[in-house]
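Please find below a colleague's note on the structure shown here.

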Amino acid sequence: MFKSLLKESLLKKIKMSLPTSNSSTILELPDGRTEKLEFTQVKATQFTVSDSDFELKSGVNVELDIHNVNLEATSKVLWPGEKVTVKGGLESHGHALKGVVNIPINKTIHDGVRGESWLYWKIETPEGVLMNDKPIHMVGEVKGLPPQDSEFRSEDVITLNNEKGEFAGTIYNCCQSN
């Protein structure tokens, strides 16, 4: 009991902010219409960096709790001139999104190391709200925290459902540049 209390009290959490980023994704609707949406960040992304786990064989894993994602795009194809917004994290799903930075032994974060995040989005379109049940797995190279001068990409096709749980489209080729 004392050991677990001591461990919890020693854990450090550092709050950080990513002031700007640009993102894009291809949205495909059930009827086959597609658009590459170019998003800008409308609110700084807040996240918490937790204490690291060190393993002798693999190095350091730094865990991140991403508190919010707030993006906006203006549609040019699917809904010309209309706004499409993305929210993620506490505001949209009630819990933080997860990320991790893996720092191998004999490297520092400044050398460029693997970073990953798992994102759940709530996409507000003129035709309704779309959400993903399976996370968008983003992978990139990180050279510091916050992850400035980094690019993250997804590889999977992610199914979107409407608020009734019905299939409403897919997103793929997600990219984020900080």
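How many helices and strands does the protein have? The protein has two helices and 16 strands, where helices (H or I, at least four residues) and strands (E, at least two) are DSSP runs, numbered from the N terminus.

1. Basis of the note. This is a predicted model, in which local features need pLDDT of at least 70 and side-chain atom pairs count only at pLDDT 80 or more, whereas totals for chains, interfaces and linings use all residues. Residues are numbered from 1 along each chain as its sequence is written, and side-chain values use heavy atoms, with hydrogens and water left out.

2. Overall dimensions and burial. Taken along the principal axes, the C-alpha atoms of the protein fill a box of roughly 55 × 35 × 25 Å. Of its 178 residues, 43% count as buried; buried means under 20% relative accessible area, exposed over 50%, and partly exposed in between (1.4 Å probe, protein chains only). Among contacts (heavy atoms within 4.5 Å) with a separation of 6 or more, 56% are between residues 24 or more positions apart.

3. Strand β7. Five of the seven residues of β7 (residues 68-74) are buried, so this strand is largely enclosed by the rest of the structure. Two strands pair if DSSP finds at least two bridges between them. β7 pairs with β3 in the antiparallel sense over two bridges, and Gln-41 has Leu-71 of β7 as its bridge partner. Seven bridges join β7 to β8 (residues 83-89), and these two strands also run antiparallel; Thr-74 stands opposite Lys-83 in β8.

4. Nonpolar core. A nonpolar core is a set of buried Ala, Val, Leu, Ile, Met, Phe, Trp, Tyr and Cys residues joined through side-chain atoms within 4.5 Å. The largest one has 35 residues, and those with the most contacts inside it are Leu-27, Val-101, Trp-121, Ile-123, Ile-136 and Ile-171. In soluble globular proteins, nonpolar side chains tend to be buried together. Two buried positions. Thr-170 is in strand β16 and is buried, with a relative accessible area of 12%. Leaving aside neighbours within four places in sequence, the contacts of Thr-170 include Ile-26, Leu-27, Glu-28 and Val-157. Val-129 is in strand β12 (residues 128-132) and counts as buried at 16% relative accessibility. Not counting residues up to four places away in sequence, Val-129 touches Lys-122, Ile-123, Glu-124, Asn-161, Asn-162 and Glu-163. Val-129 and Ile-171 are 42 residues apart in sequence and 14 Å apart in space, C-alpha to C-alpha.

5. On a 1 Å grid over the protein atoms alone, a cavity is a set of points where a 1.4 Å probe fits but cannot get out, and lining residues have an atom within 4 Å of a point. Grid points are joined across faces, edges and corners, and a volume is the space filled by probe spheres set on the points. By this rule there is one cavity of 30 Å³ or more, and about 380 Å³ of space lies in the largest cavity. Of the 29 residues that line the largest cavity, the closest to its centre are Leu-18, Ile-66, Ser-117, Leu-119 and Gln-176. The strands that each supply at least two residues of this lining include β2 (22-28), β6 (59-66), β7 and β16 (167-177). The largest share of the lining, four residues, comes from β10.

6. Salt bridges. The structure holds ten salt bridges, each being a side-chain nitrogen of Lys or Arg within 4 Å of a carboxyl oxygen of Asp or Glu. Asp-31, Arg-33 and Glu-127 are linked in a network of salt bridges. Lys-36 pairs with Glu-38, with the closest N and O atoms 3.8 Å apart, and Glu-38 is partly exposed at 47% relative accessibility. Glu-141 forms a salt bridge with Lys-143, where the closest N and O atoms are 4.0 Å apart.

7. A bridge between separate parts. What do the side chains of Glu-91 and Lys-43 form where they meet? They form a salt bridge (2.8 Å, N to O). Glu-91 lies in helix α2 (residues 90-93) and Lys-43 in the loop between β3 (34-41) and β4 (45-50), so the pair ties together parts that are 48 residues apart in sequence. Glu-91 is partly exposed at 43% relative accessibility, and Lys-43 is partly exposed with a relative accessible area of 43%.

Note on methods
On a 1 Å grid over the protein atoms alone, a cavity is a set of points where a 1.4 Å probe fits but cannot get out, and a pocket is an open set with protein on both sides within 12 Å along at least five of seven lines; lining residues have an atom within 4 Å of a point.
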